Amino acid sequence: MTPSSQLSLEVRREGDAAVVVARGDIDLSTLTQASAALDEARLGAGSLIVDLREVGFMDTSGLRLVIEEQRRAAEGGYRFAVIRGAARVQRLFEIAGLAGDHDLFIEPPADRGGAA
Amino acid sequence: MTAGSEHDRLALLASVNEVTDGRVLLGETVARLLEFVVPAFADVATLDTISPRGELTRIGSRVQGPGREELERGLLHRRPVASAPVGLPRALSSGQGQLIERMAEEHLRAIAADEADYELLRALELRSMVDVPLLARGRIVGALACGVGPSGREYGPEDLRFAEVLSARLALALDNAGLSAAVSGLEQRLEATLTNLAEAVLVRDPAGPLVFANQAAAGLLGLDSVEDVVAASAEQLMELFNVFDERGRKLSLEELPSARAARGMPAQPLLVRNVIRSTGEERWLLHKATPVLDAEGALSMVVSVIEDLTEVKRAELAQRLLAEAGQALSSSLDYEQTLQQVAELTVPGLADWCAVAMRGDERLELVAAAHVDPKQAELGRAVGRDIAAYLGERAATAAVIAHRRARVIAELDDALLSRAGLRGELLKRVNELGLGSLILMPLAAPGQAAIGVLVLAMAQSGRRFDQSDVRLVRELGHRVAIAVENARLYSERSQIATTLQRSLLPPELPDIPGFRLAGSYHAAGEHNDVGGDFYDAFEVPGGWMVVVGDVAGRGAEAAALTSLSRYTLRTAGRLLGDPLAAFQELNAALRERESLSLVSVCCVLLRSEEGDGARADVILAGHPPAFHVRGGTPTPVGVFAPFLGAYELGGWQAMSTELAVADQLVLYTDGVIDTVGEQERFGEERLVATLAEGGEEASAANTVARIERAVKRFALGPQVDDMAIIVVERTGRG
C-alpha cells in the first residue's frame, strides 16, 4: 500500500520470555505481519516483550495491537511489555494516554545494544 | 663462382612473374616461388613476411638434398633471433641485403637461438648465405634467406645483387597474391554472407528479372527453392500474397519499396503484413530497397532486403492489445461500453471481425462488435447477433459455454456451415461477411463458469488463426471475464459503500450561530472502502458539539463501528449535554462488543459567552491534540487519554480554551499527520507550520484548503488512510 512501509520482525527466545524485535514501519499495510509475529511469539511464552527501538513509524493500528495484547495478557496470565521506541513512536503512546503506564514499559536489558 | 647461369636466372625471374599473374592463394604462391629459388639459385631458402608491427612470420622453407623434409620443418618453425648482428635480422634492421661469403663457426653461433637451433643450422652445411629484405610499395614486407653449401656453390657480391632483383619480384608477387586473396575472399565472403543471411535478399535488374535471391528469401516468400524465386516475375510473386499495411489497407506492388526504388523514387522502409494466399499464413515483413547506380549514375540494380519481424511484431501486438484492453477494462464500470472498446482493439491487429456476446438469464446477447471495414460494421453486428442467438439456443450443449472450451476453425466452409445447421438469412449473412478462419473463446475467469463468448474471425485479409493467436485470445478472454465480474461486484459493493458513507457523514455542516465551520473529508481508496473516519456537529443543551473521530480498521467492520460511534455520541450528547458522559456511553457500548473495538475521538463543546467570546471544551480519547490558532499562532489543546473501547475506565478530561473573534480551532484525524512523504510522515510539526503560515487573515475555509494543499504536496503515492479536517472559527455573537 504505502511504498515506504516495510517491516521485518524477529522473534527471540530468552528463557521463557519471547522478544519480538520489530524493524521498520508498523501501519495498516504491515499489520497482518506484525500480528502474525505476536501470535508466534506468544506460544509457550511466560512473558512477551515487543522491542520498538528500531521502529521508524507506527500508527494507531500498531497501538491497537498493543492494547489487544495487553487485554490478552491479562486474561491469559502472561506478562506483556514494550521496550520504548523513538520519540515519534513514543508520541503515539502519549496520545493514547499510555505513556505513563509503568506496567506497560520495560527498560531494555543492558547486554543488548540498540542495534542488536 | 656464381650459382647458376645467366639463362637460368632470366628463366627464374620470368617464372616468378608468371606466378604473380595468376589468381592463386598466398600459400600456393609461396610454395611455387620457393620451388623456383631452390635449386636454381640456392640449396636452402626461407621466406618470411613481416607485419606492420615488425613481427616476422615464416611462410615457407625449402631445402634440397638428404633429410630434406625434417630440415624444412625445422626451418619453417625457426624464429630468427632479432638481435643477431648478421644475416636476416641485420638485413631487416638495415633494409640492406646481407652477404656472408664464408660461413664460420662464429656466424652460426651468432645466428643460433640455442643449442638445438645451432645443430639445425649446422646440419644445413651452409658455406654462403644471402639475406635480403622484400620491399613492396616502399615498405619492407618480408625477407628472403638463401644459402648454398651441399651443392658446392658459393655466393659472391653478384649473387647478392641478383638476390635483390629476385626479392623485388618476389615482393611484388607476394603482395599481389595477398591482395588478390583478399579480393577473392571478399567476394566469397559476401556471397556466403548473403546466402546465409537471416534476412531475405533479392537483387533485381532494372529490366525486371531477379538476378539473385538467397535461401531466406525463398523461405520468407513460402517458395521451395531459390530457383523458384529467381524464376518468378515481381507480379507473379505478388500474386502469391495479400499484402497489407499496418492499418490493414491492402497494398499494390507499386507501393512496395523495391518498385519505388526501381523507378528511382525514394524508398522508405515499409512494414507490411504479408499473408500467403494458399495457406493463410501471416508474416510481418520489413521491406527495404536500395537502388545501386553504376559509374555513369544509371540504375544498375535494386537490392531489396526483407526482414522477418513476425515474432517481434506479434509479441508487440499481443502486449499492446492486452495492455490497451486492460486499460479499457479498468477505465469504466460500464462494461458494455468497455467491451466495445476491447472489440475495436482487436481489429485489424488480431482479426478482421470481432463480436462479444454475454450470457443473460436464458440466452446470449451481443454486447459489442467491430469490423475492420466500417462499411461492413452493420452487417458485422447482425452476424454477431445471429451467432449469439445461435449459441444461446444451444448454450447447454455448446462446448464453448458449457465446458469453457475454445473452438478454433481454420477455415469456415460450406460443409461446416451446413453441419452447424446454418441456413436462410443467417447463412446468407455469414457468407456475405466472408468469414474464414474463426475462434470462439469462452469468456471465463480461471475456475469460473463462462459468462459469454468472444468471437474473432478473419475475412478479407485471408489470414488464418494459429496457435499463438489462440493463446492471445484465451488470455484476452480471461481478462475480459475477470474485468466484467469485477465490474459487477464493484458496482454492487460501491453502491453499498456509498449508501453507508452517506449515512455516516452529515450532508453538510450546520450553521452554528457565532461560529463558522469548514471541513473536508477524503476517504482512502476509490469508492469501495467505507472510511473509518467520521465527523459530526450537532446542538446539545447549552451549546454545540463538534466531533471528529477515527475507527481503527477498514471495511464493513469499521463501517459498523463508525456508525455506532457517531450515533452514540450524537444521542448521548444531545440527551446528556456533556461530552464526558457521551464518551462513557460510547466506551461502554464498545466494550460490549466481542472483538476489541477502538475509536479515537476529539470532541469539542462550544458555548458562547458574554460578549463576543466563546469557550471551547476539548476532550481527547486516543486522539492527537486540537489546535487553537490565534493570530497565526497554533497552540495544542487537549489532555491525552486512552481510546474509547480500550479500558473500562478512561480518565478522559476536558481542557478549556477561550475563543476570541477570528480565533480558530482545528480538528483533524491522523490521516493528516500520518500522510506518507518521500522521507517521513507529515507529522504534527508540519501541521503546526502549515497553520502558522495562514497568519491573522485566514478564514476557516482557507485553513482547511491550506492543510489539504500542504498534505497533497507532501504526499508520496496514493492516500492510504482517511483524512478528515474540521475548522471552527469564532465570528462573534451569534
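Which side chains meet in a salt bridge at 3.8 Å, N to O? I found E685(B) and R88(A); I took a salt bridge as a side-chain nitrogen of Lys or Arg within 4 Å of a carboxyl oxygen of Asp or Glu.

I note that the model is predicted, with local features needing pLDDT of at least 70, side-chain atom pairs counting only at pLDDT 80 or more, and totals for chains, interfaces and linings using all residues. Residues are numbered from 1 along each chain as its sequence is written, chains are lettered from A and ligands numbered from 1 in the order in which they are written, and side-chain values use heavy atoms, without hydrogens and water.

**Interface.** I counted 5 salt bridges between chain B and chain A. Contact (heavy atoms within 4.5 Å) joins 27 residues of chain B to 24 residues of chain A. The two chains bury about 2,200 Å², 58% of it on carbon and sulfur atoms; this is the accessible area (1.4 Å probe) lost on being put together, summed over both. In chain B, L596(B), F640(B) and R681(B) lose the most area to chain A, together 29% of what that side buries.

**Sheet.** I looked up strands as DSSP runs of E, at least two residues, numbered from the N terminus, and pairing as at least two DSSP bridges between two strands. In chain B, 5 strands form an open antiparallel sheet in the order β13-β12-β16-β15-β14. Its edge strands are β13 and β14 (407-409) of chain B, each pairing on one side only. I traced 3 antiparallel bridges between β14(B) and β15(B); I409(B) has L438(B) as its bridge partner.

Methods: Helix = DSSP H or I, 4+ residues; strand = E, 2+ residues; numbered from the N terminus.
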